[in-house]
Amino acid sequence: MTVHNLYIFDRNGTCLHYGEWNRKKQAGISKDEEFKLMYGMSFSIRSFVSKMSPLDMKDGFMTFQTSRYKLHYYETPTGLKIIMNTDLGVPNSRDILHQIYSTLYVEYIVKNPLCALGDTLQSELFNSRLDSFVRALPFFSARAA
Amino acid sequence: MAIFSVYVVNKAGGLIYQYDNHVPRTEVEKTFSFPLDLVLKIHDEKVVVSFGQRDGIRVGHAVLSINGVDVNGKNTSEGKEILEYLKDPANYPVSIKFGRARLSSNEKLMLASMFHSLFAIGSQLSPEVGSSGIEMLETDAFKLHCFQTLTGIKFIVLADPRQTGIDALLRKIYEIYSDFALKNPFYSLEMPIRCELFDQNLKGSLEVAEKAATFGPVS
C-alpha cells in the first residue's frame, strides 16, 4: 500500500499545495496544467454525480478507482478540496483527509496571520508537518501489505 | 439493494443505450400560503429550490406539479411562468409537488459524453503507469461501475453502494450486447441499440443480479 500524491485546492481552483511521495508516472504536462486538469476533473465529477444520482446525497463524491490507483476526495463547506491518490488497497480515508484539514490546514495555515489565504502555501512548518503526517499513515510504506 | 440504471456508451462517447431499472421516487407535496418560504430559481429550464429546506423538500429539488397539475418545464400547464404565478398572492394557498428532477434524454446524452472524458482524464492523471480509466466511482448514494471492452465500448451500471456482483453483471451485459445487438443484421455499429431481445435479456439479468446478492459466474 502506498500514497502517491496529494493536492489541496481552494474554492477558486487555485492549487494551494501539492505533495508527491511515490509517483511513478508524470502526466506529461506542466504542473500548472496538471493542477488545472485535476481541478477541472473534480469539478466535473461533482456536477456529474449530482445530476446522475437517483437519490439526494449528503457527502456526494467520495472516491473513484481505476485499475491501478484510487483517488480520495474531500471537500469542506468552505470549498477547500483535498485530493489524495493512493493504491487500490487503501480503504475509504475520508477521516484522514478531514484530519489533514482540521489538524494541519486550520492549525498551521488559517491560524498563521502571515499566510495569505487563496495563495500557494509557503509555510515551511505546514509542509514538513504534512509530510510527516502522510509518512506516518499506516498505509504509507510502499510494500507494507 | 438495487440496481438503478444501465448506460452503454460507444467509443466516441455517444450514448447508444440507456435503461432505468429502479428509480426511487422522492416526491413531496405541500400546501403553501403567501409568501413562499422557499427561494426558487430557474436552472436548466426547470424551477428548482435554491435555498430553504423543510419537510423533505431539499435544495436542488424541482417543481413537478402545482395544484396537482404537472408543470411543463419552467411554465405551468397553462403556459404561464411558474415564478410569476407564485408571485401573485391571489393564487394562494397553492399546493406544490417537489422532487428530484428526472433526467431528460438530452441530459443523459450529455452526462454519458461527460463521463467519457472523465474516464480519459482519470487515466491521464494516474500516478501509476498503465492505468485504465475510472472503473468505479463511489458516492454516499450510489456506486457507478464502468467496464470498457477492448473495442472501446463502455458499459456503465449505477447501483446501490452495497450491491455486490456488479463485475459479473457488467460482463453478462457485454455478452448480451455481443449476442443480441451485434448479431442483429439490422444493427449498424455505434448507433443506438433498438432491439427487443437485447432489452428482454438485459432486464432478465438485472433481475437475477438484484435477487442473488452474489451473481453467479458468467456461463
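I started at a turn: the hairpin of β1(B) and β2(B) has five residues between the strands, and B:G13 there takes a positive phi near 95°. My element labels are DSSP runs numbered from the N terminus, with helices being H or I of at least four residues and strands being E of at least two.

Ground rules, before going further: this is a predicted model, where local features need pLDDT of at least 70 and side-chain atom pairs count only at pLDDT 80 or more, while totals for chains, interfaces and linings use all residues. Residues are numbered from 1 along each chain as its sequence is written, chains are lettered from A and ligands numbered from 1 in the order in which they are written, and side-chain values use heavy atoms, with hydrogens and water left out.

**Entry: the strands beside that turn**

I found β1(B) and β2(B) paired antiparallel over five bridges; two strands pair if DSSP finds at least two bridges between them. B:V6 stands opposite B:Y19 of β2(B).

I then asked myself which strands of chain B helix α3 lies across. Helix α3 (residues 166-182) of chain B lies across β1 (3-9), β10 (143-148) and β11 (154-159) of that chain, and runs at about 135° to β11(B). For such angles, axes are lines fitted to C-alpha atoms, for helices over the stretch in contact, and the angle runs from 0 to 180 degrees between N-to-C directions. Contact here means heavy atoms within 4.5 Å.

**Entry: the sheet through both chains**

What is the strand order of the open sheet? I traced ten strands, antiparallel in their pairing: β2(A)-β1(A)-β5(A)-β4(A)-β3(A)-β9(B)-β10(B)-β11(B)-β1(B)-β2(B). The edges are β2 (15-20) of chain A and β2 (15-20) of chain B, each pairing on one side only. From one strand to the next, the twist averages 10°.

I looked at where the chains join in this sheet: β3(A) pairs with strand β9 (residues 136-139) of chain B, antiparallel, over four bridges. A:F64 stands opposite B:L137 there. As a reminder to myself, strands of a sheet pair through backbone hydrogen bonds, either parallel or antiparallel.

A:F9 has A:K81 of β5(A) as its bridge partner.

**Entry: the interface**

I counted 37 residues of chain A in contact with 38 residues of chain B. The buried area, meaning the accessible area (1.4 Å probe) lost on putting the two parts together and summed over both, is about 3,800 Å², with carbon and sulfur atoms giving 63%.

How many salt bridges cross between chain A and chain B? The rule, a side-chain nitrogen of Lys or Arg within 4 Å of a carboxyl oxygen of Asp or Glu, finds three. I looked up the one between B:E128 and A:K24, whose closest N and O atoms are 3.4 Å apart.

On the chain A side, β1 (3-9), α1 (31-52) and β3 (61-65) each supply at least two residues that touch chain B. α1(A) gives the most, with twelve residues.

**Entry: a second hairpin and some backbone checks**

In chain B, strand β4 (residues 39-43) and strand β5 (residues 46-51) run antiparallel and are joined by five bridges, with B:V47 as the partner of B:I42. Their hairpin has two residues between the strands, and B:D44 takes a positive phi near 55° in it. B:E45 is in the loop between β4 and β5 of chain B and has a positive phi of about 65° although it is not a glycine.

Where are the cis prolines I looked up in chain B? The bond from B:F34 to B:P35 is cis, with omega near -10°, and B:P35 sits in the loop between β3 (27-32) and β4. The bond from B:Y92 to B:P93 is cis too, with omega near -5°, and B:P93 sits in the loop between α1 (82-87) and β8 (94-99) of chain B.
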